Amino acid sequence: MNVIIIDDEPLAVELLEQYTARHNDLRLMGSYTDSVDGLAAIQNDPPDLVLLDIEMAELNGLHVARLLQGRCAVIFTTAYDAHALAGFELGVIDYLLKPISFARFDQAIVRAMAFQQDGPSAPPPPHPPATDIFVKSGTRTVRIALSSIRYATSADDYLLLYLTDGTQVLTSENLSDLLARLPQSQFCRIHRSHFVRLDRLDFVERGRVVIGKVWLPIGETYRAAFLERLAGG
């Protein structure tokens, strides 16, 4: 089975290369720390399997996986579990959370080989829904419970997450990218500068939502979709 590795962390690439070398049935075609270069290599000479990180600067793994659908098998290798549902909706073979043990890697490879032989009749087991998300805040990567997020507000190049315990987390991740990592059934964008957790809303009134003592405007661009969500659409 021919393999390509795409991960913007050199140490992660090195580990996956070592794991790949331990499998007699695997042949490494190339490793890439730039997702655009990796995608170009795949399009030029498609492998059987891609070991693909998700959080990458130029082109994230979800976008790459969408472009690869039907062309080769994909195993996600990531430090974040928030994309598990999206990954399986894209038909990925498995979802490996870092740090990845060789035993877990081997399990995923066995599944990929079965998939190659039998086709999509051998789906992976369901992954439990994510309950937390990791967010970069300054020099730290902070773990945040999804249930603790009340709403978020963007300002300039930063995003401020407001939590149920009254604290706030400042991150340089933009609103659209962070919202894409959250369960769409629980969160909704209401304005170009705000998204909310739906079960934290107290009420909606005159083009605004109310969460506790906070009033947030509903933007015209997002009004119809938001109201549809409230109506159960």
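How many helices and strands are there in the chain? I counted 7 helices and 15 strands. I note at the outset that this is a predicted model.

**Entry 1: the whole chain**

I began with the overall dimensions. The C-alpha trace spans about 65 × 40 × 30 Å along its principal axes. I then looked up burial and found that 45% of the 233 residues are buried. For contacts with a separation of 6 or more, I found that 51% come from residues 24 or more positions apart.

I turned next to the surface. The chain has an accessible surface of about 12200 Å², and carbon and sulfur atoms account for 50% of that surface. Among the charged side chains I recorded 21 positive and 29 negative ones. The centres of these two sets are 9 Å apart.

As background, I noted that the strands of a sheet pair through backbone hydrogen bonds, in a parallel or an antiparallel manner.

I then followed the pairs in turn. Strand 13 is paired with strand 14 (residues 208-211) over 3 bridges in the antiparallel sense. Within this pairing, Val204 has Val209 in strand 14 as its bridge partner. Strand 14 is joined to strand 15 by 4 bridges, and these two strands also run antiparallel. Here I found Ile211 opposite Val214 of strand 15.

The loop between strand 13 and strand 14 contains Arg206. Arg206 is a residue other than glycine, yet its phi is positive, near 50 degrees.

Where is Asp156 found? I located Asp156 in the loop between strand 8 (149-155) and strand 9 (158-163). Asp156 is not a glycine, but its phi is positive, at about 55 degrees. With a relative accessible area of 81%, Asp156 is exposed, because the cut-off for that class is over 50%.

I also examined the loop between strand 5 (94-97) and helix 5 (102-118), in which Pro99 lies. The peptide bond from Lys98 to Pro99 is cis, and its omega is near 0 degrees.

**Entry 2: Asn2**

Finally, I looked up Asn2, which belongs to strand 1 (residues 2-6). The relative accessibility of Asn2 is 24%, so I recorded this residue as partly exposed. Which residues is Asn2 in contact with, leaving aside its neighbours within four places in sequence? I listed Arg27, Met29, Pro47, Asp48 and Leu49. I also checked Asn2 against Asp106, which is 104 residues apart from Asn2 along the chain. The C-alpha atoms of Asn2 and Asp106 are separated by 15 Å.

Methods: Residues are numbered from 1 along each chain as its sequence is written. This is a predicted model: local features need pLDDT of at least 70, side-chain atom pairs count only at pLDDT 80 or more; totals for chains, interfaces and linings use all residues. Side-chain values use heavy atoms; hydrogens and water are left out. Two strands pair if DSSP finds at least two bridges between them. Buried means under 20% relative accessible area, exposed over 50%, partly exposed in between (1.4 Å probe, protein chains only). Contact means heavy atoms within 4.5 Å. Accessible areas come from the Shrake-Rupley method with a 1.4 Å probe; for residues, only the protein chains shown count as cover. Lys and Arg count as positive and Asp and Glu as negative; His and the chain ends are not counted. The place of a charge is taken as NZ of Lys, CZ of Arg, CG of Asp or CD of Glu.
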